[in-house]
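Please open the structure in a viewer and keep the selection panel at hand. The stops below say what to select next and what is there.

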Amino acid sequence: MGSKLKVAGWVAVGAVAGALATMQLQATARSALSPLPLEDMQQLAAVFDLVKRSYVEPVDEKKLIRDAIGGMVSGLDPHSAYFEGQAYKEFHEGISGKFTGVGIQIEMEEGLVKVVSPIEGSPAFRAGLQTGDLITRIDETAVKGLNMDQAIKRMRGPSGSKVLLTVYRKAENRTFPVTIIREEIKTKSVRSKVMEPGYAWIRVNQFQEPTLRDFVEQLKEIFRAEPNLKGLVLDLRNDPGGLLDSAVGISAAFLPKDAVVVSTNGQIAESRSVLKASPMFYSRDGSDVLAGLPALIKSVPVVVLVNEGSASASEIVAGALKDHKRAIIMGSQTFGKGSVQSEMARLPMPNTSLKITTARYYTPSGQSIQAKGILPDIPVDETAEGSPYAALRLREADLDKHLINGPEADKKDAAREKAREEALKKLEEANAKAKDAKDKDKPVARLPEYGAPDDFPLQQALNRLKGKPVVASKTQVERKADEPKPN
């Protein structure tokens, strides 16, 4: 990793969920940079003065400055952000995997709270909140006009207390209330079970501080139950990412020692590195948590399940195991977040930090995942009938200001837009069928829980491990990144 780069990083999707590596960056002398643009700085000062003197109501000077900082950073790309106060606390609590609240990862979109991902097993998850939902009111307070810090504060409260969220679901074009009971969220990021004799399933729903140790313990339990394991399914579906060292460690569990897991490249020297399957890249205390694993883990057949919600750390693991031909990747094309964000915590004000994009990351073969993602070896749909709503899910290439890998025409992807229109039509038809005179708000049936007996992709993964026929998707097509789009 190099002496200049201290790994304490995380990889995730969305403004709150994440980044790829945390670094301690050496100070760069001002003389090494281009001169400050004085005319633009004068423009900023002039606007500040006009707003302060002329706005309809008195304004807080400190708030104006904080908003200017936030706007400067958020205008760079979808993943850079400035944190202070409660948002700073929330950011670091999300990494630790323990906090009190409703259990959602959020970002702000057009003045509303957007659900990046409900945390699996949380009150919000049990209440049915979904990725992309927009929260318009928190109790009796309209979200419009609140900043992220204020919105988070209103959603927080004592464990056992209630909060009423008003939710707008774009895909279904409807608004509905959800009452959620707050509780302490202790996210368990790893689950596993023996599906049948000789075959097991292990799921990582986010890469957090305890994840690697929990992953190892779950693997040990699997091998205690099945010492002659014949096949393992590693489930990374809808995993938005998390800590980098956990992702490297989980990859290292399956790879030969010192195999390349991921590399990063950016403008400054500290952002250029190669991370390998070695304790120095995934151990924080010098011990090798992987040392006690059975040797069979290096050779047991593995299938990795991914989908459009698998991002960053998930893509690092899938990309490493795919490039080293250590696993078969099944599912659908992943999210495509291939940028590195670094936390700059050395700011003058306490309880503030800057998370800024400093590099891109690459798979062992040198492939950039940015705005493209990992392509499955075997595309598999969500159900036997297909994936009717997959086109409605956002990916990195859909986000405003996302990094591109080359010239990108400013045109909409006609095929993508058509697929979205068809998916929305199917969803509306399904909603219409689900409604009846007695229950107009009857919801559309949800997909089976991951790991359940009727989990279609999981069954196809087990079929692959057992040498049985797999029902591969006949409709999935690769979504290209950063290429001229058709008219």
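A charge is taken to sit over a ring if NZ of Lys or CZ of Arg is within 6 Å of the ring centre and within 35 degrees of the ring normal. The model toured here is a predicted one.

With that criterion in mind, select Lys-466 and Tyr-199. The charged end of Lys-466 sits over the Tyr-199 ring, at 6.0 Å from the ring centre.

Next, select Phe-215 and Phe-254. How many aromatic pairs does the structure hold? It holds one. In this pair, Phe-215 and Phe-254 are arranged edge-to-face, with 6.2 Å from centre to centre and 70° between the planes. Distant parts of the chain are linked by the pair: Phe-215 belongs to helix H6 (residues 211–225) and Phe-254 to helix H7 (residues 244–254), the two being 39 residues apart.

Move on to helix H5, residues 148–155. Colour Met-148, Ala-151, Ile-152 and Met-155, which are buried. Then look down the axis of H5: the buried residues fall within an arc of 100°, and they therefore line one face of the helix.

Finally, show the surface and select Leu-36, Leu-38, Met-41 and Leu-44. These residues make a nonpolar surface patch of about 400 Å². Met-41 is partly exposed, its relative accessible area being 40%.

Conventions: Residues are numbered from 1 along each chain as its sequence is written. This is a predicted model: local features need pLDDT of at least 70, side-chain atom pairs count only at pLDDT 80 or more; totals for chains, interfaces and linings use all residues. Side-chain values use heavy atoms; hydrogens and water are left out. Patches are made of residues with over 30% relative accessible area and no salt bridge: like charges are joined within 9 Å, nonpolar side chains (Val, Leu, Ile, Met, Phe, Trp, Tyr) within 5 Å. Accessible areas come from the Shrake-Rupley method with a 1.4 Å probe; for residues, only the protein chains shown count as cover. A salt bridge is a side-chain nitrogen of Lys or Arg within 4 Å of a carboxyl oxygen of Asp or Glu. Buried means under 20% relative accessible area, exposed over 50%, partly exposed in between (1.4 Å probe, protein chains only). Rings of Phe, Tyr and Trp (its six-membered ring) pair if their centres lie within 6.5 Å; planes under 30 degrees apart count as stacked, over 60 as edge-to-face and the rest as tilted. Helices (H or I, at least four residues) and strands (E, at least two) are DSSP runs, numbered from the N terminus. The arc is that of the directions from the helix axis to the C-beta atoms.
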